[in-house]
Amino acid sequence: MRKFILTVCMVAAAVAVSAQSGTNSPYSQYGFGKLSDQSTGFNRGMNGLALGFRDGNQVNYLNPASYATADSLTFIFDAGVAGQLTAFDENGLKKNARNANFEYAVAAFRALPHLGVSFGVMPFSNVGYNYSSTQNVGDVNNTTYTNTYSGSGGLHQAYLGFGWEPFRGFSIGVNGSYLWGDYDRSVVNSYSDAYVNTLSKYYSVDVANYKLDAGMQLSFKLGKKTSLTLGATYGYGHKINADPSYEVISRNSQTSVSDTTRFVVKDGLELPTTFGAGFLVDYEKRIRFGADFSLQKWADTEFPVDVEKNNQPSYELQKGYFKDVKKITVGGEYCRNPQSRRFFSSMRFKAGASYTTPYLNINGADGPKELGVSAGVSFPVINQWNNRSILNLSGQWVRTSGKGMLTENTFRITIGLTFNERWFMKWKVE
């Protein structure tokens, strides 16, 4: 019981730490920010392959049906941190940025026969950027103006999930999440000529709502040593009861007199409906490979946009700001001998790749697409009782690019530690 309470405290601590921004991307100035892939340590080496994974020794948040396979004798706790280096390139101008942050904390256990429970904290999106642009106004006095763009924040989710196996090989599950967070964005205008009026814009929102995701898995034998698992997921799309605000401030630099106009859009943010399907082929838990496909129906959602009407600023909901996101992931892993207590024989080697279509529509053009590849190793943590605990180490490269747009090349290292000890075993002494 004390270990259970300790785990809950560690997850609670992760809630506070997860409020940090994990990006420096200028693309996070749009929409909800930079969307997170929500994978954990065991599948990051496979670039997030998850929908068909059905392993009672890992927490597979991306398909809650997998919780039903949790071992009745163990309590699983998994936490991860990541560090990344991003190289930005636009029209020959290059810049590097570094980030490090706490990524996730999840746990799982079997509550009843054929019923598994999971809870934890996962990221949803990140906002973090700061850059400026200076241009010449073109008058005889060589006046210049500078726009400074900055933003911070992001959305996070604390979830509780259940997975139930009504009959052997088939399970269903659901994640209920509390989605919370905020972001602030600004475009601050300034001129080299102190007699020119400035025009600055500020955007902000606070989010506190729910999120629902469901999953299904069907597993059956293909042969004496080989099995196939089919997985599917569904995410409920809905309004999230958030009221985005927009302020326009016109300021006279000489007199310091300012005029502020504020707009609020009631219930202005919306989550998309999502679908996912995938498979995994498993040979004796030694060789596993599979593929996932997901669709996020962002194009059906609305988002508040600042516009001008009759030369006056306005803020209103519009469709067409987002695009439907399609993602395909392939990956796999290899282990020489999963049952071995020898360190090198029970190591798992992983690799994966994914392609993601644009999520944004920027100034009438498709936003950036993403191409990612990854590799990883899972090291067993062997002690005198078992070899179930695992140290997951992965490296991932992601290229984010769009035609005529900024290119980002990100290299990310993730370290995740899965504690999987026999907490519920009763020892018998004869």
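A: Let's start with strand 4, which gives the most to the lining of the largest pocket, with 6 residues. Keep in mind that we're looking at a predicted model. In all, 47 residues line this pocket, and its volume is about 1,400 Å³. To find the middle of it on your screen, look for Pro26, Gln29, Tyr30, Tyr131 and Tyr149, the lining residues that lie nearest its centre.

What kinds of residues make up that lining? Sorted by class, 22 are nonpolar, 18 are polar and 7 are charged.

Now hop over to the second largest pocket, which has a volume of about 660 Å³. Its lining is made of 25 residues, and Arg54, Arg168, Gly169, Ser219 and Ser227 sit nearest the centre. Here the classes come out as 6 nonpolar, 8 polar and 11 charged. At least two lining residues come from each of strand 5, strand 7, strand 8 (226-235) and strand 11 (274-283).

The largest nonpolar core has 30 residues, and Phe32, Val207, Ile240, Leu269, Phe322 and Tyr359 have the most contacts inside it. Strand 4 (115-136) is one of the elements giving two or more residues to this core, along with strand 5 (144-167), strand 6 (170-191), strand 7 (197-221) and strand 13 (303-309). There's also a second, separate core of 9 residues, with Val59, Ile76, Ala108 and Met122 among them. As a general point, nonpolar side chains in soluble globular proteins tend to be buried together.

Setting aside its neighbours within four places in sequence, Phe322 touches Gly31, Phe32, Trp298, Ala299, Thr301, Phe303, Tyr359 and Leu360. Two of these partners, Phe32 and Tyr359, are also on the list of residues with the most contacts inside the core.

Finally, zoom out to the whole protein. Out of 430 residues, 49% count as buried. If you take the contacts with a separation of 6 or more, 67% are between residues 24 or more positions apart.

How values were computed
Residues numbered from 1 in each chain as written. Predicted model: local features only at pLDDT ≥ 70, side-chain atom pairs only at ≥ 80, totals over all residues. Heavy atoms only, no water. Core = buried A, V, L, I, M, F, W, Y, C linked by side-chain atoms within 4.5 Å. Buried < 20%, exposed > 50% of the residue type's maximum accessible area, 1.4 Å probe, protein only. Helix = DSSP H or I, 4+ residues; strand = E, 2+ residues; numbered from the N terminus. Contact = heavy atoms within 4.5 Å. 1 Å grid on protein atoms, 1.4 Å probe; cavity = no way out; pocket = protein on both sides within 12 Å on 5 of 7 lines; lining within 4 Å. Points joined across faces, edges and corners; volume = space filled by probe spheres on them. Nonpolar A, V, L, I, M, F, W, Y, C, P; charged D, E, K, R; others polar.
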